[in-house]
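Please read the points below with the model open beside you.

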Amino acid sequence: MAYTREEWNMAYVIAQPCIDHNERACLDVCPVDCITSEAADRKLYVDPDLCIDCGACADACPNDAAFRADKLPAEWAEFAWVDAAWYRDPAAARQVVEELAMAPVPSR
Ligand code: SF4
Ligand code: SF4
């Protein structure tokens, strides 16, 4: 794994409920096109350098997968740095997503 947890200046984060449920409603509403994925990805990622903290993705997501970073449920804290890391090393981020995808989904 190329990255360890570090301080990222994230605004919004896309967490576990997006995995394999990426019908992409968030893409249609993001005003700065800062949500991305590629064919190999099982979720979408928010670019921390471009996100303007508007909240439109969270409002549009039918799976309650997008959160302000400071409201991210503790059990999904890893997703904050995974989203940011994807923009530097997609393969490393995908590897972590595979591990996180196997974790039980917390009851909420
Ligand atoms: S709308 Fe929600 S579940 Fe669908 S791709 Fe976007 S973040 Fe993922
Ligand atoms: S908070 Fe706004 S700018 Fe940031 S990813 Fe969501 S829709 Fe895009």
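1. Around ligand 1 there are 14 residues, and the nearest of them are Cys18, Asn22, Ala25, Cys26 and Cys61; a residue counts as near a molecule if its C-beta atom, placed from the backbone, lies within 6 Å of it. By class, this shell holds nine nonpolar, three polar and two charged residues, where Ala, Val, Leu, Ile, Met, Phe, Trp, Tyr, Cys and Pro count as nonpolar, Asp, Glu, Lys and Arg as charged, and the others, Gly among them, as polar.

2. Ligand 2 is surrounded by 15 residues, of which Cys30, Cys51, Cys54, Ala56 and Cys57 are the closest. Its shell divides into 13 nonpolar residues, one polar and one charged.

3. Before going further, please keep in mind that this is a predicted model, in which local features need pLDDT of at least 70 and side-chain atom pairs count only at pLDDT 80 or more, while totals for chains, interfaces and linings use all residues. Residues are numbered from 1 along each chain as its sequence is written, and chains are lettered from A and ligands numbered from 1 in the order in which they are written.

4. The pLDDT, which is the predictor's confidence in each residue from 0 to 100, has a mean of 88 over the protein chain, and 88% of the residues reach 70 or more. Where pLDDT is low, the predicted coordinates should not be read in detail.

5. The protein chain has four helices and four strands, and along the sequence they follow the pattern β-α-β-β-α-β-α-α. Helices (H or I, at least four residues) and strands (E, at least two) are DSSP runs, numbered from the N terminus. Of the contacts with a separation of 6 or more, 72% are between residues 24 or more positions apart, a contact being two residues whose C-beta atoms, placed from the backbone, lie within 7 Å.

6. Of the 108 residues of the protein chain, 32% count as buried; a residue is buried if 20 or more other C-beta atoms lie within 10 Å of its own, exposed if 12 or fewer, and partly exposed in between, with C-beta atoms placed from the backbone. The largest nonpolar core has 30 residues, and Tyr12, Val13, Ile14, Ala15 and Ala66 have the most contacts inside it. Such a core is a set of buried Ala, Val, Leu, Ile, Met, Phe, Trp, Tyr and Cys residues joined through C-beta atoms within 7 Å. At least two core residues come from each of strand S1 (12–14), strand S3 (45–46), strand S4 (66–68), helix H3 (78–86) and helix H4 (90–101), and H3 gives the most, with seven.

7. Valine 46 lies in strand S3 and counts as buried because it has 26 C-beta neighbours inside 10 Å. Leaving aside neighbours within four places in sequence, valine 46 is in contact with Tyr12, Val13, Ile14, Cys34, Ile35, Cys51 and Asp83. Valine 46 and aspartate 83 are 37 residues apart in sequence, yet 5.8 Å apart in space, C-alpha to C-alpha.

8. Arginine 24, in the loop between S1 and H1, has a positive phi near 75° and is exposed, with 12 other C-beta atoms within 10 Å.
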